[in-house]
Amino acid sequence: MTLRIGIILGSTRPHRNGPQVARWVLDSASRRGDAEFELIDLHDHPLPHLDEPVAPMHGPSPHAHTRAWAARIAPFDGYVIVTPEYNGGMPGVLKNAIDHVFAEWADKAVGFVSYGAGGGGRAVTQLRTVCATLGLADVSRAVEISVLTDFENYTAFTPREQHAAALTMLLDQLIAWSGALASLRSATEGADHGHVAVAR
Ligand SMILES: Cc1cc2nc3c(=O)[nH]c(=O)nc-3n(C[C@H](O)[C@H](O)[C@H](O)COP(=O)(O)O)c2cc1C
């Protein structure tokens, strides 16, 4: 079985730096050959502020936009979330996209690549809590990119060499855990793994 990893880009604003970071992750990951990697740009999946009449852990969504987002997320075994830090946390658009679905996240692995003036670590701290709540297993290795030292004039991405090794370690962990959790999911298909029961 070929593992599939989604690289979720969590910023959507005009002139954002995110696409350069996400593209670097995708290009580096795609050279490995031990999994398939795909970019999931939130800009391509616009969602309203959460408008689910029933919390996503309790039932299927009546909304086409949520069903489309769930279908986009569902096929992956693991995720790399590429996130900037905004005012000490993750972007609202990223949290909103995460909150729209539930079952699609459970028992999968996730790793984080952050960027910001200070490397974006505070966004990742928040994301670790959110992802754990959803049953996503977060790998410890992370990549923190500085918009001060890894970008020229805050706009042209020129990552320092050390980040390549950090990304490799993150992906090593992520792929190992994604494979282990894929086995778990197929062995326990249909069972309630301790998360809130969901019928979709
Ligand atoms: C609303 C806003 C708040 C920000 N707050 C922080 C912050 O708290 N910490 C930080 O390191 N950088 C912060 N920055 C700098 C961003 O991390 C940097 O501009 C980055 O390029 C934003 O990602 P984007 O270009 O993909 O939107 C902030 C930027 C914006 C637009």
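Tutor: Happy to! A residue is near a molecule or strand if one of its heavy atoms lies within 4 Å of it. With that in mind, 16 residues surround the ligand, and the closest are Arg13, Asn17, Tyr86, Asn87 and Tyr115. This is a predicted model, where local features need pLDDT of at least 70 and side-chain atom pairs count only at pLDDT 80 or more, while totals for chains, interfaces and linings use all residues. Residues are numbered from 1 along each chain as its sequence is written, and side-chain values use heavy atoms, leaving out hydrogens and water.

What kinds of residues form the shell around the ligand? Five are nonpolar, seven polar and four charged. Here Ala, Val, Leu, Ile, Met, Phe, Trp, Tyr, Cys and Pro count as nonpolar, Asp, Glu, Lys and Arg as charged, and the others, Gly among them, as polar.

Now look at the backbone. A polar backbone atom of asparagine 17 is 2.6 Å from an oxygen atom of the ligand. For glycine 88, a backbone N or O atom lies 2.9 Å from a ligand oxygen, and for glycine 118 the distance from a backbone N or O atom to an oxygen of the ligand is 2.9 Å. On its own the ligand has 610 Å² of accessible area (Shrake-Rupley method, 1.4 Å probe), and the protein covers 74% of that.

Finally, the setting: the protein has five helices (DSSP runs of H or I, at least four residues) and seven strands (E, at least two). Along the sequence they follow the pattern β-α-β-α-β-α-β-α-β-β-β-α.

Key: Polar contact = N/O pair within 3.5 Å; in protein donor to acceptor, adjacent residues only side chain to side chain.
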